[in-house]
Amino acid sequence: MLIGARLGWMGGRAAAVLAAGVVAGAVTAAVRYRRDLEVAQRRLATVGRHVVSTRFGEEEYAESGTGDPLLLSHGIFHGCDGGLTSVQDTVVDRRVIVPSRFGYLGSSLPGSASAADQAEAFVDLLDHLGLARVDVMAISAGTSAAVQMALRHPERVRHLVLSSGNFPGSGTAQAPLAWATVFYSDPAMWLMKVLARPMFAQLMGVPAGFPRGPQDAAVMDRMLESIFPIGPRVAGAVVDAYRANPEITEYPFEALQVPTLVVHATDDPLASYDAAAASAARIPGARLVSLDSGGHPVSYTHLRAHETERLISY
């Protein structure tokens, strides 16, 4: 009887300690989450963003640098801020202009939002800036809008560069299952980043064996943090995943008339290298640059500034 009572007391105490630990852990996590989100919001607030009116509503953009203009069509979960971050080490001596695509940050989301409409909004922005022709670079999910711009307005595109692109035959060109959107939020992505960092990195296209040193680790951290805060990017990411990315399968790559460069890493775990190579073969005169490593974020990691400029201007 005494032993049973003592065991019951000990069990109750253990449960209380466990509950206290869970509560303390939850409080600590909540504090860290709020702190990290505030850091991300402050980082976004430091970006000099501008807004222009287009046929499709408001279009936000940011730019940096001077020199020949380059319009960048950013990847999924980015925006004008993440676009600038993705090429800050590799595109230099250029005026880099990055619009936030439909539904990202401060850009409007038209009801019919298509990649073709996004291409037209790009042209509206160029008209506002007084730019007749620019080089156009796309990263990942930015491929559809950039290809549409080259198809619809070849006279406005000097060169087209598709880096880690989304192409027909790639898994990225297939719409995710509907439930995948439960992860399209700051809490869900933050928890994955903190509790399952290798999985989070893989989701972002980081290949096995990376990072390989302190410099790579710093670049990877910058890339993983660049998608936060996610809240103001969700609407655009949904359009990318379920509409713009899948429609790439219908594009007539054979009709492209501008000098085109396709840059892709063979170890990209997110966007298929074989699909990129197959699409490059369909584009008249296109050049395929195959990188042995770098995964999906090659614009961050494996292209050096002088190489990028030489490739863009080939």
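## A tryptophan on the surface

Let's start with Trp179, which lies in the loop between β6 and α5. This is a predicted model, and in it Trp179 is exposed, with a relative accessible area of 53%.

## The chain as a whole

Stepping back, the chain contains 11 helices and eight strands. It has 314 residues, and 52% of them count as buried.

How much of the contact count comes from residues 24 or more positions apart? Among contacts in the chain with a separation of 6 or more, such residues account for 77%. The next sections walk through some examples of residues that meet across the sequence.

## Helix α8 and Ala237

Helix α8 spans residues 234-244, and Ala237 is found in it. The buried residues of this helix are Gly236, Ala237, Val239, Asp240, Ala241 and Ala244. Which helix do the buried residues of α8 pack against? Their partner is α4, residues 143-152.

Ala237 has a relative accessible area of 0%, so it is buried. Leaving aside residues up to four places away in sequence, Ala237 touches Ile76, Phe77, Tyr104 and Tyr184. Gly103 is 134 residues from Ala237 along the chain, yet their C-alpha atoms are separated by 7.7 Å.

## Aromatic pairs

Six aromatic pairs turn up in a search of the whole structure. One of them joins Phe77 and Tyr184 in an edge-to-face arrangement, with 5.1 Å from centre to centre and 80° between the planes. This pair links distant parts of the chain: Phe77 is in the loop between β3 (68-73) and α2 (80-87), while Tyr184 is in the loop between β6 (157-163) and α5 (186-195), 107 residues apart. Both Phe77 and Tyr184 are buried, and both are also among the residues that Ala237 touches.

Phe200 and Phe228 form a pair with another geometry. Their ring centres are 6.2 Å apart and their planes meet at 35°, so this pair is tilted. Phe200 lies in helix α6 (residues 197-203) and Phe228 in the loop between α7 (214-225) and α8, so the pair ties together parts that are 28 residues apart in sequence.

## Gln118 in helix α3

Gln118 is found in helix α3, which covers residues 115-129. At 4% relative accessibility, Gln118 counts as buried, because the label applies under 20% relative accessible area.

What does Gln118 touch, not counting residues up to four places away in sequence? Its contacts are Glu59, Arg101, Phe102 and Ala145.

Note on methods. Residues numbered from 1 in each chain as written. Predicted model: local features only at pLDDT ≥ 70, side-chain atom pairs only at ≥ 80, totals over all residues. Heavy atoms only, no water. Helix = DSSP H or I, 4+ residues; strand = E, 2+ residues; numbered from the N terminus. Buried < 20%, exposed > 50% of the residue type's maximum accessible area, 1.4 Å probe, protein only. Contact = heavy atoms within 4.5 Å. Phe/Tyr/Trp six-rings, centres within 6.5 Å; stacked < 30°, edge-to-face > 60°.
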